[in-house]
Amino acid sequence: MLFWVGYCFGSPCWKISSTLFNLCIGVMNSDKALTRTTIVMSHAVLVMWTKDKLDVRDNRNSLYAQKHKILGGDSPFLLCIIRYSIQDMGCMVSTPKDSGGNRRKPGSIGEVSVYVPGLRIPKPVDFSQSLGDYLSRNIVERLSALRTRIVVMAGQEGPTITRTKRKSATQHGGSTLADLLQALEDYLPVLLGLVKDGSHLQYKVQFVWVNQEDDAEETAMSNAWYEVLSVLHLMAMLSLSQANLLLLPRTSTDGYQPKVSEENRRASVDIFLKSAGYLDCAVRHVLPQLPAELRRNLPVDLAEGVLRALCLQALGQGVDIQLGMAIDSTKATLAVKRRLACEMVKYWQQAQDNIMNLPLSNGWGEKHRLYVKWKYVEAKAAAYYYHGLILDEGNTEKSHGMAVAALQAADEYFKESKKLCEAFNAAPPLSRNPPPWGTMKYLSEKIPKDTSSKVRINRDLYSHERIMETAPTLPDFALALKPDEYQLPQVSPSWRTET
C-alpha cells in the first residue's frame with residue numbers, strides 16, 4: 001500500500017507548532033480508489049521540502065520520512081507527517097496509543113475536592129470532505145484549524161486532566177486547563193455558523209466524541225447541535241477541573257496544616273457558577289434543538305438528567321464553600337449557617353433525583369453516582385447539626401427533645417457519609433481525600449462532640465420518652481445560588497462572506 005501526503009501547509013516557518021494542523025492522507029493500492037480522512041498529530045515530524053532536498057526535523061527520529069512519497073510544487077512548504085495505522089474499514093485512521101480518540105481510564109485520579117466524571121474527547125473530522133462543496137476554503141480551513149487544536153489539546157491533556165497535578169506544559173508545547181477552555185471558546189462562534197438560521201449545513205458533518213460515562217465508547221452524530229452540546233459539556237467539565245485544583249489544600253507558609261486560601265475559595269464559587277451556566281444553557285437552549293430521536297440516542301454523558309445533576313452539583317459545591325466561609329466568619333449567625341446547609345441539601349437531593357434512574361454503570365458513571373450520594377448525605381449531616389443547635393436554644397422540653405433528635409440524626413448521617421466517601425474513593429478510577437479543611441473539617445470535630453454532650457445533658461433533664469425517636473423536618477428555604485446567565489456567542493464575522 002502506497003501512502004502520500006495529500007495536503008500541505010504553504011509556510012516554511014519552523015516556529016509553527018506541530019500540534020495545530022490537520023493532515024489529509026491519501027491511501028491507494030492496486031484495487032482501491034483514493035479515499036481521504038482526517039487525522040490528528042499526537043506526534044509530528046516537521047519536513048522542509050524543496051526542489052532539491054528533503055530536510056526532516058523530528059525530536060525522536062527521521063524514520064517516517066523515508067517511508068513516504070512527498071508530493072509538492074517547486075516552492076518550499078511545511079509538511080507534517082505522523083505515525084499512523086490504517087484500518088481497512090471505510091478507511092478509518094486511528095492512533096490508539098497516541099491520539100485522544102480512544103477512551104482511556106486512569107487507574108487513579110489522585111486527590112478529589114470536586115469530582116469531574118472524565119472528559120469527553122473529540123475525534124478528528126474532515127471538514128473539507130463534508131463542506132468543501134458548500135463553503136469557501138477560508139471558512140473550512142478555519143473550522144479545521146480551530147477544531148484540530150482542540151482535538152490535539154484534549155488528546156494530550158484529557159487522560160490526565162482530572163488528576164490533581166498542576167500541568168503547565170507538555171512535550172509538544174502542551175496546554176493548561178485555561179488554554180483548552182480558550183480554544184473551545186474560540187471554536188464555538190465559528191461552529192455556530194453551521195446552525196445559523198436552521199442551515200442545512202448542520203447535517204453535513206458527522207461529529208464523533210469519545211464518551212466516559214456511557215457503555216458505548218464513542219458516539220457519532222451528523223448534527224452540529226450535537227457538537228455544540230459536546231463543546232458546552234467539555235467547557236463545564238474543564239471549569240469543574242479548575243475548581244478542583246483551586247480547592248486542594250496547599251501547605252501554608254506558616255508551617256501549619258495545609259489549607260485553601262480565601263482567595264481560592266472565592267474564585268472557586270465564581271467558577272462553579274460559570275460551569276453551572278454552561279450546563280444550564282446546554283439544557284435550556286441546545287438540547288431542544290436536537291430532534292427527539294437524536295436526544296434519545298445521546299450518550300448518558302449528555303443525557304438531560306446528567307447535565308442537570310452536574311449543574312446542581314456545581315451549585316451545591318458553591319454553597320458548601322459559602323458555608324465554610326460562614327463558619328470562619330465571626331459575624332455569621334447560626335441561622336445563616338443553617339440556611340446555607342439546608343440549601344446545600346436541596347441542591348444535592350435534586351442532583352441525586354436527576355441521575356438515580358440513569359444507566360450509570362460504567363466506571364466513571366458509577367463513581368459519579370456514589371459522589372452525589374456521598375455529598376447529599378454529608379450535606380444532611382451539616383443541616384441537621386445546625387438545625388439541632390438552633391432548636392436547643394429554645395426553652396421548652398419539646399424543643400430540647402427535637403434538638404437531641406436532630407443532633408443524633410446529624411451524627412448518623414456523618415457516619416454514613418464517611419462510609420460513602422470510602423466507597424467513592426475505592427470505586428475505579430481510584431481517588432483519595434485531600435487533607436481535611438473547610439466545612440467538613442469543622443463538622444467532623446464538632447458533630448460527635450456536640451451530639452454526645454447535648455444528648456447527655458438533655459437525657460439527664462428529661463425522660464427518654466420525651467426524646468424524639470425520629471429527626472424533625474428540616475426547614476425549607478428558597479435556593480439562592482443560581483447559574484451564571486451564559487448565552488451562546490454570536491456567529492463569527494468570518495461567516496459574513498458566505499452565501
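**Note on the predicted model**

1. Of the contacts (heavy atoms within 4.5 Å) between residues at least 6 apart in sequence, 76% join residues at least 24 apart. This is a predicted model, in which local features need pLDDT of at least 70 and side-chain atom pairs count only at pLDDT 80 or more, while totals for chains, interfaces and linings use all residues. Residues are numbered from 1 along each chain as its sequence is written, and side-chain values use heavy atoms, leaving out hydrogens and water.

2. The protein has 11 helices and 13 strands. These are DSSP runs numbered from the N terminus: helices are H or I with at least four residues, strands E with at least two.

3. The protein has 499 residues, and 55% of them count as buried (under 20% relative accessible area, 1.4 Å probe, protein chains only).

4. The mean pLDDT (the predictor's confidence in each residue, from 0 to 100) is 77, and 72% of the residues score at least 70.

5. Where pLDDT is low, the predicted coordinates should not be read in detail.

6. Asp 450 lies in helix α11 (residues 438–461). Asp 450 is buried, at 13% relative accessible area. Beyond its neighbours within four places in sequence, Asp 450 contacts Tyr 385, Leu 389 and Leu 407.

Definitions and conventions:
Buried means under 20% relative accessible area, exposed over 50%, partly exposed in between (1.4 Å probe, protein chains only).
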